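Please keep the sequence and the 3D view at hand while reading.

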Amino acid sequence: MSVNPDWYLGLSVVLFSIGALGVLIRRNVLVMFMCIELMLNAANLAFVTFARMLDDIGGQVLVFFVLVVAAAEVVVGLGIVVAMFRRRATATADDLHLMKG
Amino acid sequence: MSPLTVLASVAPAIRTPHVDYLSILPMLIMMGGALTLMVASSVLRKVLDRGAGTTVAVVTSAAALVAALFQWDHVSTHGPSVTIAGAIAYDGFAVFIQITVATAMLLTALVGDGYLRREGIAGPEFHVLAMMSASGAMLMGAANDLIVIFLGLEILSIALYVLAAFNHRRAESGEAALKYFILGGFSSAIFVSGIAFTYGATGSSNLPQIADYLSRNVVVSNGVLLAGLALLLVGFGFKIAAVPFHMWSPDVYQGSPSPITGFMAAIAKVGAFAALLRVFVSTFGTLRTDWQPIIWVLAVLSLVVGAVVALLQNDVKRMMAYSSINHAGFILLGVQAATARGVSAALYYLFAYTFLVIGSFAVITVMAHGGDEGHTIGDYRGLARQQPVLAFVFALLLLAQAGVPFTTGFLAKFGVVGAVVATHGYALAVIAMVTAAVAAFFYLRVVVTMYSPVGPSGDTTDPTDWSPTSGASETDPAHPTGGAAGVGYLARDRSHRDTGFSTDLAENEGPAALQVLSDAPPSESVAGRAVSVPPLTWVALGLCTVFTVVFGIVPGPVLDFAHQATLLFT
């Protein structure tokens, strides 16, 4: 059985949209992080699919760069959340209201 | 023989790309300095004193600057080239960005030293992170491949997220970091998707190869390519804080430690604009009819929203955030023109803006009292009497940002507007000049406040303030200078966020200092509060002022420099 690569691209777009929507509507910071990760992985899926379609190894290599960067980003992000959590004991975006204007 | 060695002997040798180390020398120096400082601080038993961190940062930035000047010499004689398998461009444009970023880092290290001492923050992490961030901006300037741009963007941003949270005694600092992180991560994910789609449409992530593909194939309404282009543009839009992707910037600018805000405003813009110019003007130049209208809209929105909303701000840091959005609109003019003249004008603007914004935030840094509070415009009243030189320098830097003649700010604005007029973008040029006039109002408002005497009976309300909540009465006169503020933060009532809480003042004033002081008399003015400027901050301010004035009166050298950098664009 063979699957048309277009389906993978479609899945990637769907995942990306779910992630983007999640960042915009969810209020829990950790869930927002997960949604960002979902968006990055949707991009990774697109890279791999395009690499397959183009028969080019380059696209698959790019995925590693994105994975490494995503891991580094999460480390820093969780550090910031923990620092906030110590102060507030909640991790929702609604608590981020010290600055307005 | 182990299986691995057998395998290694059978497999063909891996050919590594040729690396021209001079082409990445400033970045290597910046990263090397950061790593050395970090390792030294972990290996040494005692905590490094602040002077050591500052010294290493200053020496490293100066070394990177010298290396970049050597690069300039090399590029001028040998012409532009690419290296490391085409991933890095070694051209005048890249070198110009290296020089700008190294200068920004040098100035920030000088300003940051006084800040760290005042806030009592020990350890060299401030400089380590700043240097890492600077190396990311340098990489963005030299990147010749979309994925390398992404790496540079992330090295720049991840370090900046941490720096935004650096003053852990201020709740605003952490909040700024979290907002910056979430929106930064969001924009990075959009940017990566843009790279994926561009790769899918053109078969490469390498910029010259993409340009080659586009020049050999007639791309008519290729949905995947246009989607990639749009996503890339959104990703860049977030980083340069162009309206409508600017939501994060006022909060992040306000919450971050002041020297970091100046640094962030300078190098994030320099890095992102460098990549934007290279990707759009150089690589996607053949598709300019597709992206120019979008840039036009972004530029107009940034110019108008930045200038108008800044008028309504009472917090100087927020005002500067909107002012920087306005500046982003001006630089977008150079992108919109998409000509060599536009690129050179944008480069000049970035270089001039680096000095202006870091200098301005240096003044804002020293004006804050302990805990990095007190940034309302009213807090600047009477500064001219107490610190005439500081007030004069700040007035000069603000007027330069407004575009007053005989400063670099004027030439920068003149350059981008001229570039747009040359491509017949008259409407855009008129809008830009109108917003420049509007922007002059809020810069002058700060200047007038500084030169207004403190009124009778300590009246320090902002003389130019027309909003109903005038005056800075919320500011706490017995301001905390940091200290064991953890208790205070936990006990803090949200509604009293501006009042601060004095935990370490308890020694001097007894338990009364712990009470919430929202009903305190109007904040003391500058006249009642000693504003002290550390010597290194004076050095940084001196450099910014001298650059702004000297090259405003004698514009030739820097304009030629930016022009040459554009000519040596691959």
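## An enclosed helix

In helix 7 of chain B, 32 of the 32 residues are buried, so this helix is largely enclosed by the rest of the structure. A residue is called buried if 20 or more other C-beta atoms lie within 10 Å of its own, exposed if 12 or fewer do, and partly exposed in between, with the C-beta atoms placed from the backbone. Helices (H or I, at least four residues) and strands (E, at least two) are DSSP runs, numbered from the N terminus. The model is a predicted one, in which local features need pLDDT of at least 70 and side-chain atom pairs count only at pLDDT 80 or more, while totals for chains, interfaces and linings use all residues. Residues are numbered from 1 along each chain as its sequence is written, and chains are lettered from A and ligands numbered from 1 in the order in which they are written.

Just after helix 7 of chain B comes G203(B), which takes a positive phi of about 80°.

## Where the two chains meet

Chain A holds three helices and zero strands, and 33% of its 101 residues count as buried. How many residues of each chain take part in the contact between chain B and chain A? On the side of chain B there are 36 residues, in contact with 34 residues of chain A, where two residues are in contact if their C-beta atoms, placed from the backbone, lie within 7 Å.

Helix 6 (146-164), helix 7 (171-202) and helix 10 (248-255) of chain B each supply at least two residues of the side that touches chain A, and the largest share, 18 residues, comes from helix 7 of chain B. That side of chain B divides into 19 nonpolar, 10 polar and seven charged residues. Here Ala, Val, Leu, Ile, Met, Phe, Trp, Tyr, Cys and Pro count as nonpolar, Asp, Glu, Lys and Arg as charged, and the others, Gly among them, as polar.

## Packed helices in chain B

Two packed helices are described by the angle between their axes and the distance between the axes. Helix 13 (residues 316-337) and helix 18 (residues 426-451) of chain B pack at an angle of about 160°, with their axes 11 Å apart; the axes are lines fitted to C-alpha atoms, for helices over the stretch in contact, and angles run from 0 to 180 degrees between N-to-C directions. Helix 13 and helix 18 of chain B are therefore roughly antiparallel to each other, a description used for angles over 145 degrees, whereas those under 35 count as roughly parallel, 65 to 115 as roughly perpendicular and the rest as oblique. Among the residues making this contact are F330(B) of helix 13 and F442(B) of helix 18 of chain B, and by class the contact has nine nonpolar, four polar and no charged residues.

Helix 14 (residues 340-367) and helix 16 (residues 388-402) of chain B pack at an angle of about 145°, with their axes 9 Å apart. The residues of this contact divide into eight nonpolar, three polar and no charged.

## A residue in a loop

V454(B) has its place in the loop between helix 18 and helix 19 (486-491) of chain B. With 18 C-beta neighbours inside 10 Å, V454(B) counts as partly exposed.
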